[in-house]
Amino acid sequence: MTSSFGGTAAKTARFADDERPALAASHVSKRYGKGCARCLAPQAVLDRNICPECGTVHAVRDVSLEVYPGEIVGIVGESGSGKSTFMKCLYFDEEATEGDVRAVPFDGGVANLLELSPQQRRAVRNNVFGMVYQNPYLGLRMDFSSLSNIAEQMIAASCREVAAMRGRGEELLGKVSIPLSRAVDAPKLFSGGMQQRVQIAKALSNNPPLLLLDEVTTGLDLSVQAAVLDLILQIRREWGASMLVVSHDLGVIRMLADRTLVMLDGQVVESGLTDQILEDPQHAYTQQLVYSLL
Ligand SMILES: Nc1ncnc2c1ncn2[C@@H]1O[C@H](COP(=O)(O)OP(=O)(O)OP(=O)(O)O)[C@@H](O)[C@H]1O
């Protein structure tokens, strides 16, 4: 079934036992610095995420996760815990130091995305992932019109028909509640909430099977936050996209995520169904996060 977002309908059972994960990341690490015998040893004890010996920053340490079709997976953690860096490694904004990432929608999950050529990486960015950054300046050309922003993304994915781009752009802007009268305005003239909604429309323009959302509601007013969160849930309901959502705010993760990973100092300290984590947090840091919600 085709929905109003132009993709397949959301699944009610989000991940059946026999389904393969749409995205599988294994043992992903990102270090700033060369590392040394001390900090590269298994179970190395660091000063938070920094090696006391050589000063290498272990921003992401051995993170693995899977996102199943139609599932929303959340990563929560305080500032500096490594969640954005992990996301950036997936989207090639940062070069992972090591790890293995497979995406079924790209090539059936055959290649390790981290070993792709620059050209193949562009194909993944244009056709497999839709990225929405916390800072809309990273995801949008602020001086182009909103329609042109969407067209740019579609051209990157080989669309050449002006009428199709205009039609898709107007459809998506309507979906994210940007009035058509503002479609030719540049995002720099918009409020923060509107900019985020244009970014979401742009990210959706090629029907990416995997959406990466990095702190998309941080810095927005509460009512605007609620509208953006509703929009994300609507996208999942109508379109069934898989999503990886990063936030320092457990309230956001509680609203969106089926499963959650908790990160601290570059490592995953706890993971499981979001409801379970909220009801029965095991790690002291998760307990602190959950109690701060009460
Ligand atoms: N270019 C860099 N060089 C050295 N350290 C870096 C660099 N970029 C990030 N870091 C460090 O990596 C760690 C993880 O940062 P990251 O931005 O991923 O955290 P985060 O959990 O997303 O927090 P925030 O939401 O505040 O960005 C931090 O300690 C940060 O200082």
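Several elements cover the buried residues of helix 9, including strand 3, helix 8 (192-204), strand 6 (210-214), strand 7 (242-247) and helix 10 (250-256). Here helices (H or I, at least four residues) and strands (E, at least two) are DSSP runs, numbered from the N terminus. Residues are in contact if their C-beta atoms, placed from the backbone, lie within 7 Å.

This is a predicted model: local features need pLDDT of at least 70, side-chain atom pairs count only at pLDDT 80 or more, and totals for chains, interfaces and linings use all residues. Residue numbers start from 1 along each chain as its sequence is written.

Helix 9 covers residues 222-239, which is 18 residues. From first C-alpha to last, helix 9 reaches 25 Å, close to the 26 Å expected at 1.5 Å a residue. The expected span is 1.5 Å times one less than the number of residues.

Which residues of helix 9 are buried? They are Gln 225, Val 228, Ile 232, Ile 235, Arg 236 and Trp 239. Seen down the helix axis, these buried residues fall within an arc of 105°, so they line one face of helix 9. The arc is taken over the directions from the helix axis to the C-beta atoms. On the other side, Leu 222, Ser 223 and Asp 230 are exposed. A residue is buried if 20 or more other C-beta atoms lie within 10 Å of its own, exposed if 12 or fewer, and partly exposed in between; C-beta atoms are placed from the backbone. After helix 9 comes Gly 240, with a positive phi near 75°.

## The sheet

Strands of a sheet pair through backbone hydrogen bonds, either parallel or antiparallel. This model has an open sheet of six strands in the order 5-6-7-3-8-9, and its pairing is mixed. Strand 5 (129-132) and strand 9 (267-273) are the edge strands, each pairing on one side only. Two strands pair if DSSP finds at least two bridges between them.

Strand 3 (residues 72-76) and strand 8 (residues 259-264) run parallel, paired over four bridges.

## Two domains

The chain is divided into domain 1 (1-128 + 210-294) and domain 2 (136-207), with bounds from an automatic or database domain assignment. Their C-alpha centres lie 25 Å apart. The contact takes 15 residues from domain 1 and 13 residues from domain 2.

Helix 4 (118-127) and helix 9 each supply at least two residues of the side of domain 1 that touches domain 2. Helix 9 gives the most to that side, with five residues.

Note on methods. Two residues are in contact if their C-beta atoms, placed from the backbone, lie within 7 Å.
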